[in-house]
Amino acid sequence: MSILDIRVLGDPALRKPTKRVTEVTDELRKLISDMFETMYAAEGIGLAAPQVGRNERLAVVDVEGEKFALINPEILATEGAKEKAEEGCLSIPDIYGDVERPFTVTIRATDEDGNEYEATGSELLGRCFQHEIDHLDGKLFIDYLSPLKRKAAMSKWEKAKAEYPGYIRRVRTEEKGEHHHETEM
């Protein structure tokens, strides 16, 4: 397994829609394993392929022990009123904002063994599913912020982005984030 570099805001890979996976291969399973390892090292709960510079329609999620490989995920249904909650992103370190999303979401995806499945998530898990699927469509959580809050987030990011030359965030296992936040996806 390997820890991959995470692309940060400004890298064009984060804004490009991904391509459907046509076959689950050993190479794809290794990528899934590396993405889980990277996500854990970065202390996140979700990670999408574009965040590691890949264009496969693929994400990984682990919320409170509920672990999913999401290959070609799609949202089938949403339930409940939309709720606002704070989100962060491994590709926009230390920037957070309140995002309004449906409380419960049902998705369909394929797992690393090539089996199609459906899963329903509420609260943080549902939010994480939606956040990661957005990544696969080139959308980021800051896109949901009001113009004023987005401007404030972008102003803070302008000061921080110099820490990530080439729009690359290097994550190492021995490194533990100072500002770990349970909503970084």
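Me: Which residues point one way from β3, and which point the other way?

Reply: L58, V60 and D62 point one way, whereas A59, V61 and V63 point the other way, and all are buried. Buried means under 20% relative accessible area, exposed means over 50%, and partly exposed lies in between, with a 1.4 Å probe and protein chains only. In a regular strand the side chains alternate between the two faces of the sheet.

Me: What should I know about the model itself?

Reply: This is a predicted model, in which local features need pLDDT of at least 70 and side-chain atom pairs count only at pLDDT 80 or more, while totals for chains, interfaces and linings use all residues. Residues are numbered from 1 along each chain as its sequence is written, and side-chain values use heavy atoms, with hydrogens and water left out.

Me: How many helices and strands does the chain have?

Reply: The chain has three helices and seven strands. Along the sequence, they follow the pattern β-α-β-β-β-β-β-α-α-β. Helices (H or I, at least four residues) and strands (E, at least two) are DSSP runs, numbered from the N terminus.

Me: Back to β3, then. Which strands join it?

Reply: β2 and β3 run antiparallel and are joined by three bridges; here G46 stands opposite V61. Strand β3 (residues 58-63) also pairs in the antiparallel sense with strand β4 (residues 66-89), over six bridges. Two strands pair if DSSP finds at least two bridges between them. On the β4 side, V60 has A69 as its bridge partner, and A59 stands opposite L70.

Me: How many residues lie between β3 and β4 in their hairpin?

Reply: There are two residues between them, and E64 in the turn has a positive phi of about 50 degrees.

Me: How many bridges are there between β4 and β5?

Reply: There are 14 bridges, and the two strands pair in the antiparallel sense. A hairpin through two residues joins β4 to β5, and C89 stands opposite I92 in β5.

Me: Which residues form the covered face of β6, and which the uncovered one?

Reply: Strand β6 (residues 116-122) has Y117, A119 and G121 on the covered face, and E116, E118, T120 and S122 on the uncovered one.

Me: New topic: which residues other than glycine have a positive phi?

Reply: Among them are E43, with a phi of about 60 degrees, and N72, with a phi near 50 degrees. Most residues other than glycine have a negative phi, and most peptide bonds are trans. E43 lies in the loop between α1 and β2 (46-48), whereas N72 belongs to strand β4.

Me: Are E43 and N72 buried or exposed?

Reply: E43 is buried, with a relative accessible area of 16%. N72 is also buried, and its relative accessible area is 9%.

Me: What about E87?

Reply: E87 is in strand β4. Its relative accessible area is 0%, so E87 is buried. E87 and F141 are 54 residues apart in sequence, yet their C-alpha atoms are 7.2 Å apart in space.

Me: Which residues does K16 touch?

Reply: K16 touches L136 and G138, not counting residues up to four places away in sequence. A contact means heavy atoms within 4.5 Å. K16 lies in the loop between β1 (6-7) and α1 (26-41). The C-alpha atoms of K16 and L136, 120 residues apart along the chain, are separated by 7.9 Å.

Me: Finally, the whole chain: why does its radius of gyration agree with a compact globule?

Reply: With 185 residues, a compact globule would have a radius near 16 Å, and the chain has 15 Å, so the two agree. The radius of gyration is taken over C-alpha atoms, and the globule rule is 2.2 Å times the number of residues to the power 0.38. Buried residues make up 50% of the 185 residues. Of the contacts with a separation of 6 or more, 73% are between residues 24 or more positions apart.
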